[in-house]
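Please open the model in your viewer and keep the selection tool at hand.

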2 protein chains.
Amino acid sequence: MESGRAVTTIRDVARVAGVAVSTVSRVINQSGYVAKDTEAKVKVAMEQLNFQPSGIARGLISRKTGSIGLLVPDVANPFFSDIARGAEDAAIAEGFSLFLCNSDWQLDRERMYLDILRRRWVDGVIVAGTRSSESDLLECIGSLPFVVVDRKATQMGSSVWSNNEVGALLATEHLMSTGCQKIVHIAGPEQSPSATARKTGFLRAMSQRPSQSALQSLLFPGDFRYEGGYHAALSLLNSSAPPDGIFAANDLMAIGVIQAAESLGLHIPQDLAVVGYDNIAMSSYVSPRLTTIDQPGYKMGQAGFEILFQIMHSKTQNLTDQEFEPTLIVRESTRSILLH
Amino acid sequence: MESGRAVTTIRDVARVAGVAVSTVSRVINQSGYVAKDTEAKVKVAMEQLNFQPSGIARGLISRKTGSIGLLVPDVANPFFSDIARGAEDAAIAEGFSLFLCNSDWQLDRERMYLDILRRRWVDGVIVAGTRSSESDLLECIGSLPFVVVDRKATQMGSSVWSNNEVGALLATEHLMSTGCQKIVHIAGPEQSPSATARKTGFLRAMSQRPSQSALQSLLFPGDFRYEGGYHAALSLLNSSAPPDGIFAANDLMAIGVIQAAESLGLHIPQDLAVVGYDNIAMSSYVSPRLTTIDQPGYKMGQAGFEILFQIMHSKTQNLTDQEFEPTLIVRESTRSILLH
DNA sequence: ATGAAAGCGCTAACAC
DNA sequence: GTGTTAGCGCTTTCAT
């Protein structure tokens with residue numbers, strides 16, 4: 001069972017150095033007074049024994065483990081792996097380690113992970129891309145310091161977010177301004193707050209357009225996945241009145257749209273203009289390069305940890321909402337704006 | 001400082017249930033004999049107090065934390081985020097949590113993380129995509145159970161790997177069999193063992209070809225990044241004797257090659273055939289879809305944890321090398337094989 | 001079947 | 001300045 005893995009303890013160090021355990025502890029923590037030469041002796045002993053203080057034992061006393069949980073739907077999704085990378089970089093810079101948890105957008109998995117994290121006495125949690133209602137979340141999280149990423153926290157929590165409605169507005173207006181006559185939005189999953197906000201932004205932009213009847217027919221359901229975009233586009237483009245502009249709720253679906261259009265022999269952006277959302281790395285690699293709305297995953301992950309760090313260090317849960325401005329990145333999948 | 005976060009302990013439960021702490025412990029661990037009704041009383045108390053046993057305290061005694069470290073160069077890299085997802089899924093299924101560590105391919109960061117993980121008493125480590133020499137690795141890891149992913153462990157460790165030399169051979173032979181006359185390999189970074197193996201495989205395949213002089217000139221340096229592939233291809237294709245086949249050491253570079261070729265007005269695969277390596281999701285989304293060698297990241301991550309799990313549970317470090325067969329995925333970026 | 005008590009490795013009073 | 005000691009929350013003998 002490999003259980004008795006030999007651990008050199010503070011006591012071993014004390015014995016070798018010929019001092020008391022508390023002295024060793026003082027050296028480790030640089031607390032209290034220790035004579036220069038005693039300190040040296042202790043350090044030599046620590047070196048010699050290759051001593052590593054047990055974070056576990058320290059955690060038991062201090063009630064702080066120096067670890068936090070990162071809850072994402074799926075690290076294999078580029079947007080969330082960027083968030084993970086940003087959060088981890090920020091965390092390690094402050095000496096924190098990060099537990100990776102993949103919820104697969106399932107509420108019960110979120111609950112499960114939150115319980116596990118609590119048992120592990122993590123000092124805080126970063127919850128990214130959750131679908132759970134805020135009250136559910138608050139209930140699961142209990143008294144743990146937390147910050148929500150990719151969604152504005154409304155009740156009682158801090159968050160890092162980007163205004164998806166504004167981003168969607170930008171995307172739609174861009175399609176309108178480049179001369180598209182019939183624009184369709186392929187939406188994300190119903191339960192996703194960001195997907196909903198993007199849909200709202202799209203509808204808001206469209207409603208500004210004079211004499212645009214039957215807005216509903218310009219919405220098409222999607223699922224945030226490549227295949228969803230591909231099949232949606234196939235249906236749309238084969239219909240009697242195909243669109244000449246498509247705003248997909250995320251880049252993955254937009255890329256699916258591009259592939260579908262290409263398989264039908266259509267030219268982008270001449271026959272069909274396409275805009276995505278997220279600005280994942282892939283979006284600038286596809287052909288034609290995808291026009292999209294930038295949402296800086298790495299920075300949002302970083303900011304998430306930094307805010308959490310502040311919360312963990314101040315008794316008060318002083319609320320913060322850090323907003324990242326969505327920006328339009330124009331690439332080849334849309335016509336360049338016509339000047340008149 | 002939020003330090004006195006109230007924790008309900010086993011003692012609280014014992015008091016409420018009117019029993020001794022050891023009885024509560026027995027109920028939690030289902031060890032020893034506990035009378036049915038006593039057990040019920042305890043469970044009610046646990047429920048009522050919303051008691052969660054402290055993993056920290058248990059870890060201090062058992063010397064097992066139920067956590068492991070996952071060391072990757074960069075989770076934002078699709079291949080490694082797949083590995084991370086596979087490893088995490090497998091870990092949580094056995095009740096293990098996973099610390100995410102990004103080394104950025106830097107040896108000193110690997111050392112740092114390994115030290116941190118040891119301090120945290122992780123039960124084991126999965127090291128993926130390391131560049132460190134094996135002796136360095138062994139020294140840093142010390143007595144921690146570990147498994148290496150994406151590289152064959154030669155000395156004294158288990159590993160999950162895929163034969164990169166064979167994969168490269170397949171890729172190169174495919175290019176030859178589809179009629180390419182001048183094939184160039186854009187290699188990965190020198191320090192990367194997988195990159196080296198792929199280069200070796202390429203050279204082996206080429207050496208089978210009769211009268212192929214100056215093999216060296218058919219190698220071009222690269223860096224595993226999109227931009228590297230792009231610029232390498234630009235130089236190659238603008239030269240006096242441009243290749244008609246390129247085997248890039250990974251998909252990211254291959255996609256860069258495709259973009260470069262396209263920007264020069266070349267047709268793929270008619271003017272230039274391209275093969276990548278890894279079969280990342282993106283490779284089937286680009287246009288033309290990329291022919292590549294499949295290396296199943298998710299499964300490799302899963303297998304990594306499973307092997308580690310066995311090692312952690314058996315005193316003996318019985319070595320295992322789980323190999324994943326590289327397979328050729330033919331898509332649009334290469335000519336279909338001519339039958340004769 | 002249950003309780004009392006000794007520690008896991010460390011920190012933090014409190015003595016000296 | 002340095003040593004002694006009492007826990008942190010839990011498991012685990014050893015009694016009863």
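**First stop: a buried threonine**

Select Thr172(A), which is found in helix H8 (residues 164-177) of chain A; helices (H or I, at least four residues) and strands (E, at least two) are DSSP runs, numbered from the N terminus. This is a predicted model, in which local features need pLDDT of at least 70 and side-chain atom pairs count only at pLDDT 80 or more, while totals for chains, interfaces and linings use all residues. Residues are numbered from 1 along each chain as its sequence is written, chains are lettered from A and ligands numbered from 1 in the order in which they are written, and side-chain values use heavy atoms, with hydrogens and water left out.

Is Thr172(A) buried or exposed? Thr172(A) is buried, at a relative accessible area of 0%; buried means under 20% relative accessible area, exposed over 50%, and partly exposed in between (1.4 Å probe, protein chains only). A polar atom of the Thr172(A) side chain lies 2.7 Å from the backbone oxygen of Ala168(A). Now display the contacts of Thr172(A) (contact means heavy atoms within 4.5 Å). Leaving aside neighbours within four places in sequence, these are Ile183(A), Phe202(A), Ala205(A), Met206(A) and Phe247(A).

**The nonpolar cores**

In the largest nonpolar core, which has 86 residues, Phe247(A), Val274(A), Phe247(B), Leu272(B) and Val274(B) touch the most other members. Such a core is a set of buried Ala, Val, Leu, Ile, Met, Phe, Trp, Tyr and Cys residues joined through side-chain atoms within 4.5 Å. A second, separate core has 54 residues, including Met312(A), Ala90(B), Ala128(B) and Leu308(B).

Then select Val274(B). Not counting residues up to four places away in sequence, the residues that Val274(B) touches include Ile246(B), Ala254(B), Val257(B), Ile258(B) and Leu290(B).

**A buried aspartate in chain B**

Move to Asp244(B), in the loop between helix H10 (226-238) and strand S8 (245-248) of chain B. Asp244(B) is buried, with a relative accessible area of 16%. Which backbone nitrogen lies 2.8 Å from a polar atom of the side chain of Asp244(B)? It is that of Gln181(B). Beyond neighbours within four places in sequence, Asp244(B) is in contact with residues including Gly179(B), Lys182(B), Asp271(B), Leu272(B) and Arg335(B).

**Between two domains of chain A**

Colour chain A by domain: domain 1 (10-62), domain 2 (67-162 + 296-325) and domain 3 (164-295 + 328-339), with bounds that come from an automatic or database domain assignment. The centres of domain 2 of chain A and domain 3 of chain A, taken over C-alpha atoms, are 29 Å apart. Between them these two domains bury about 1000 Å², 50% of it on carbon and sulfur atoms; buried area is the accessible area (1.4 Å probe) that two parts lose on being put together, summed over both. On the domain 2 side, select Phe79(A), Arg131(A) and Ser162(A), which lose the most area to domain 3 of chain A, together 47% of what that side buries.

**Between the chains**

Next, show both chains. Here 65 residues of chain A are in contact with 66 residues of chain B, and the two chains bury about 5900 Å² between them, 53% of it on carbon and sulfur atoms. How many salt bridges are counted between chain A and chain B? The count is 4, a salt bridge being a side-chain nitrogen of Lys or Arg within 4 Å of a carboxyl oxygen of Asp or Glu. Zoom in on one of them, where the side chains of Arg85(A) and Asp104(B) meet (2.9 Å, N to O).

**Backbone details**

Most residues other than glycine have a negative phi, and most peptide bonds are trans. Select Ser287(A) and Pro288(A), which are joined by a cis peptide bond with omega about -5°; Pro288(A) lies in the loop between strand S9 (273-275) and strand S10 (292-294) of chain A. In chain B, the peptide bond from Ile268(B) to Pro269(B) is cis, with omega near 5°.

Finally, select two residues with positive phi. Trp105(A) has phi near 65° and counts as partly exposed at 27% relative accessibility. Phe224(A) has phi near 70°, and at 14% relative accessibility Phe224(A) counts as buried.

Notes:
A polar contact is a pair of N or O atoms within 3.5 Å; within protein, one must be able to donate a hydrogen and the other to accept it, and residues adjacent in sequence count only if both atoms are side-chain atoms.
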